[in-house]
Amino acid sequence: ATGRRPRLHGIGVEVLGLEAHDRLEVDEHLRVQGTKGEGVPVLAIGDVAGKGAFTHVAMYHARIAARMITGEEGPGADHAALPRVTFTDPEIGAVGMTEQQARDAGLDVRTGFVELPTVSRGWIHKAGNDGFVKLVADANAGVLVGATSAGPSGGEVLGGLAVAVRAKVPVATLRHSMWAFPTFHRGIEAALDDLDL
């Protein structure tokens, strides 16, 4: 709850010519930058790569590292759609940029927001329905760059939003999609309706 930090002190990173900070600088293939080794890449995955202290980040990195080790072709890491879920009540899920991060990146930002009591299924399944869906879009590109889902199954609602951010699905395509009724993720449709884009 108060955060975690990787422990690089005392594991010998200085042998590689690295300083033991809270993370190691890596490229898209998770190769550590600035090592003394010649011809043999040093890989860093998970928390020490500084991209997010989540189990799913380490699992994602492990697949990329395994490809690097075996010489298999494949894409590098793309953290633009990194999902984050906090398993509280209500559950909070987020992906990509926050509104402030998007503004700081110089994007022409538009947001869509909806409170969930008006669109969720809590009244049927007695699960409660307080929460919201917030979308962050790049108006010039016409795509979502971030989203937050809070409420019942907030992390599950995030799944579709993570795909939309990662694949750069046009907002127009999302807006004209069908959203199952009654589901919590139907709130995405209402948030899209609120998005001035």
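These legends go with close-up views of a predicted model. Local features need pLDDT of at least 70, side-chain atom pairs count only at pLDDT 80 or more, and totals for chains, interfaces and linings use all residues. Residues are numbered from 1 along each chain as its sequence is written, and side-chain values use heavy atoms, without hydrogens and water.

View 1. Helix 1 spans residues 55–70. Helices here are DSSP runs (H or I, at least four residues), as are strands (E, at least two), numbered from the N terminus. Val57, His61, Ile64, Ala65 and Arg67 are buried; that means under 20% relative accessible area with a 1.4 Å probe, protein chains only, while exposed means over 50% and partly exposed lies in between. Just after helix 1, Gly71 has a positive phi of about 80°.

**View 2. Leu30 has a positive phi.** The value is near 65°, in a residue other than glycine. Leu30 lies in the segment before helix 1. Leu30 counts as buried because its relative accessibility is 0%.

**View 3. Lys168 sits in a loop.** The loop runs between helix 4 (154–167) and helix 5 (171–175). Phi of Lys168 is positive, near 55°. Lys168 is exposed, at 58% relative accessible area.

**View 4. A cis peptide bond joins Asp89 and Pro90.** Omega is about 10°. Pro90 lies in the loop between strand 1 (83–86) and strand 2 (91–96). Most peptide bonds are trans.

Terms used:
The expected span of a helix is 1.5 Å times one less than its number of residues.
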